[in-house]
Amino acid sequence: MTSLPVRTARWSARHPWTAIAGWFAFVILCLGVGITVGTNQATSVDFRVGEAGRAEAMAAEGGLERRPTEQILIRSRADGLPLDTDRAGAAARDITERMRALPEVDTVAEPVRSRDGNVLMVSVVMHGPELEGRKNVVPLLEQTAAVGAAHPGLIVEETGSPAISKGVNDQRDEDLALSERITLPVTLITLLLVFGSVVMAAVPLLLALSSIAAALGLSMAASHLLPDAGVGTNMILLVGLAVGVDYTLFYLKREREERARARGTLSSEALVELAAATAGRAIVVSGLAVIVSTATLYLATDVIFSSLATGTILVVAVAVVSSLTVLPALLVKIGQRAERRAARTAERRAHRAEARAERRARSGKPARAPRRRDRAGHHGAYREDRPGRLTGALLKPARTRPVLTLCLSVLLLLGLAAPALGLKLVDPGRDTFSRDIPAVQVYDRLNAAFPELSSQHRVTVRAAGPDRTADVHRALTDLGRRTQGDPLFAANAEPRILTSVDGRISVLEVAVAHTATSKEAGDSLTRLRQVHLPAALGRVTGIESAVSGDVARGRDYVDHENAKLPLVLGFLLLVTFLMTLWAFRSVVIALLGVVLNLLSAGAALGALVAVFQGTWAEGVLGFDSLGAIASRVPLFLFVILFGLSMDYQVFVVSRIKEAMDGGMSARRAVLDGIERSAKVVTSAAVVMVTVFGAFVALHLTEMKQMGFCLALAVLLDAVVVRLMVLPALLLLLGERAWNPLRRSRRTAPAPGPVADPATGPAGRTVGNVG
């Protein structure tokens with residue numbers, strides 16, 4: 001493994017301009033291919049799970065699938081005043097004529113008046129599948145706005161799944177732009193503080209952004225194998241900036257450290273090789289860990305998780321490649337430029353010293369002894385990676401009282417994790433979106449005026465043949481009567497039965513006067529599936545039935561995820577253990593990696609439940625509590641956090657191993673490795689916390705929850721786990737944690753010297769880091 005980063009770095013160092021040009025050509029090629037082939041968006045078929053999915057598949061077989069529908073509301077401009085019937089009628093006729101003239105529209109229903117008479121509604125059914133509506137809804141919104149302008153005495157507004165989806169996408173785009181405006185300056189400032197050089201600070205950002213661009217292009221091409229659910233881009237931006245900067249930061253810091261140690265005796269090419277043998281390997285192992293961990297999301301057999309996994313895997317893989325190829329080339333060119341500048345400066349000083357010596361000789365004064373100057377050609381000031389006061393203070397308890405530190409730290413993490421025992425999950429839908437979206441505001445007014453439209457159950461029945469159509473129709477009619485007599489259902493909405501052309505497929509639509517995420521709506525689904533449906537259809541033979549709709553989709557999706565959770569987490573723990581065992585060849589270290597990752601992820605999840613499942617933090621973080629956590633968040637967070645935690649695990653433990661390879665005792669190696677890695681781990685954590693924390697400012701509650709949990713987990717991992725729990729454990733275990741490593745080191749051949757292309761074999765060897 002060590003040889004691959006070294007060979008790659010050696011080639012890039014010797015052909016820097018080729019490597020740089022090749023990298024940017026690769027980025028342009030990826031973008032070009034992606035734009036050419038476009039994105040293959042997921043369809044309704046890709047989202048089907050559980051009983052609701054079976055019902056939708058049967059309905060689609062008979063041409064009875066749900067269609068994209070918009071509702072146009074017409075109401076008085078003055079609140080509290082009754083609606084003018086004549087004006088509202090004229091506006092309804094105007095909107096009907098305009099909508100029917102649009103090619104995107106299939107049918108326009110007759111206007112319906114609300115029970116209080118203050119709102120007139122016109123329903124518009126669009127052509128195409130349900131999810132296609134958001135792409136074609138803009139002409140409808142334009143006509144609605146035109147009618148509103150033509151009737152100034154009225155308010156004419158539009159809502160519906162297509163309009164809401166478009167509003168959510170627009171808001172998400174604005175939020176992502178805001179997060180970029182926050183994270184990029186903070187990241188740049190952090191890197192400036194770390195390196196003290198604008199050029200060196202710009203390198204991580206340049207590589208991270210170029211990696212994101214390449215991954216975006218690759219994700220478009222990959223969507224033709226695995227459809228994109230619309231979340232892959234968000235994940236590429238979220239993870240790409242974090243790991244792209246982190247990997248580059250690890251490499252840069254190690255190259256700077258080697259340069260400081262060499263004191264001008266090694267060329268830039270040799271320094272890059274030394275950095276590749278240590279930090280380069282750590283980057284490869286970290287990247288593979290994130291990729292393998294994220295790949296477990298495919299086991300969820302869910303299009304959304306597959307999109308998240310694909311985006312994360314692509315951007316991490318590209319970031320690793322950039323760190324191993326173009327980064328060494330950039331460092332060589334920057335180093336050579338700094339060396340030439342240092343050489344010219346030294347030459348000028350030598351000339352000035354000779355001139356001063358000649359003047360002193362002519363004046364008869366004795367010559368001064370030359371002062372020693374250390375000019376190693378540093379590109380930016382370098383300070384040895386020793387911990388600052390804060391880091392030293394955090395590390396001191398583990399060094400002096402490891403048992404007490406371990407107990408208190410673990411208790412803290414377990415205390416934070418405790419609220420996770422009360423975790424409740426909900427599938428995010430229209431009822432959970434930000435109320436700043438105009439279409440969502442209209443949706444609330446629609447539910448208030450027409451509560452029977454709040455949510456709907458769809459009972460789908462497939463008969464063996466058309467000869468059963470009459471029996472099915474009678475049974476569904478009976479089912480409709482049963483629901484009308486149940487207070488959990490909308491009493492004022494007449495159930496509707498739809499039948500396919502061949503008579504084999506029938507759908508009963510039943511209205512519920514409660515939002516899809518409410519307890520009452522959930523209870524109505526349970527009553528329908530367990531009581532009313534068996535009573536009405538139980539005696540009809542030769543049929544297959546299933547229930548779909550707004551409520552069933554959400555419940556079945558959550559049930560599907562809960563069923564997959566043990567499988568995904570089991571494989572996640574296994575691959576994390578195996579990856580750590582492969583990287584460090586120690587069973588104890590591998591077990592510690594799994595346990596520590598569970599602690600940090602569990603603590604972050606518990607804090608997430610405490611903050612977002614209640615209402616006390618709504619004003620602080622700017623969200624409306626769902627009373628639950630978005631169903632996709634916990635599984636996604638465990639997978640991503642396990643992968644990202646490996647970054648710090650690999651980097652810190654690698655430094656400890658290097659120290660032990662150099663002959664240090666286990667105790668001294670632990671303290672030395674953690675002290676030397678503390679600064680870069682802290683800097684990397686600041687970048688990650690900034691990137692993830694910026695998502696807390698977004699409007700979408702699901703993204704807020706993800707950003708909060710990721711940022712907190714990284715912070716806990718970098719501070720509590722890596723500076724308190726890990727050193728305390730390793731100090732207590734001593735040599736026992738490394739026994740397999742000790743045996744492998746005694747039998748492994750010693751590594752050879754690194755050859756400097758300019759000066760010949762170097763006096764230092766590349767330490768065995770794996």
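1. D478 is buried, with a relative accessible area of 19%, where buried means under 20%, exposed over 50% and partly exposed in between (1.4 Å probe, protein chains only). D478 forms a salt bridge with R482, the closest N and O atoms being 3.2 Å apart; a salt bridge here is a side-chain nitrogen of Lys or Arg within 4 Å of a carboxyl oxygen of Asp or Glu. R482 is partly exposed, at 32% relative accessible area. Both residues sit in helix α16, four residues apart, about one turn of the helix.

2. A word on the model and its conventions. This is a predicted model, in which local features need pLDDT of at least 70 and side-chain atom pairs count only at pLDDT 80 or more, while totals for chains, interfaces and linings use all residues. Residues are numbered from 1 along each chain as its sequence is written, and side-chain values use heavy atoms, with hydrogens and water left out.

3. Please look at another pair in helix α16 (residues 469-484): D471 and R474, three residues apart, again about one turn of the helix. Their side chains meet in a salt bridge at 2.2 Å, N to O. D471 is partly exposed, with a relative accessible area of 26%, and R474 counts as exposed at 53%. Helices (H or I, at least four residues) and strands (E, at least two) are DSSP runs, numbered from the N terminus.

4. The next pair spans the sequence. The side chains of E257 and R676 meet in a salt bridge (3.6 Å, N to O). E257 lies in helix α9 (residues 232-262) and R676 in helix α22 (residues 666-693), so the pair ties together parts that are 419 residues apart in sequence. Both E257 and R676 are buried. They also belong to a network of salt bridges that links R254, E257, E258, R261, R655, E658, D672 and R676. The structure holds 37 salt bridges.

5. Now to the surface charge. R337, R340, R341, R344, R348, R352, R356, R359 and R362 gather in a patch of positive charge on the surface. Such patches are made of residues with over 30% relative accessible area and no salt bridge, like charges being joined within 9 Å and nonpolar side chains (Val, Leu, Ile, Met, Phe, Trp, Tyr) within 5 Å.

6. Lys and Arg count as positive and Asp and Glu as negative, with His and the chain ends not counted; each charge is placed at NZ of Lys, CZ of Arg, CG of Asp or CD of Glu.

7. T701 also deserves a look. T701 is in helix α23 (residues 701-733) and is buried, at 7% relative accessible area. Leaving out residues up to four places away in sequence, T701 touches T432, D624 and L626, contact meaning heavy atoms within 4.5 Å. T701 and L626 are 75 residues apart in sequence and 8.5 Å apart in space, C-alpha to C-alpha.

8. Finally, the overall picture. The protein chain has 24 helices and 13 strands, and buried residues make up 54% of its 770 residues. Its C-alpha atoms fill a box of roughly 115 × 60 × 45 Å along the principal axes. Of the contacts with a separation of 6 or more, 81% are between residues 24 or more positions apart.

Key
Accessible areas come from the Shrake-Rupley method with a 1.4 Å probe; for residues, only the protein chains shown count as cover.
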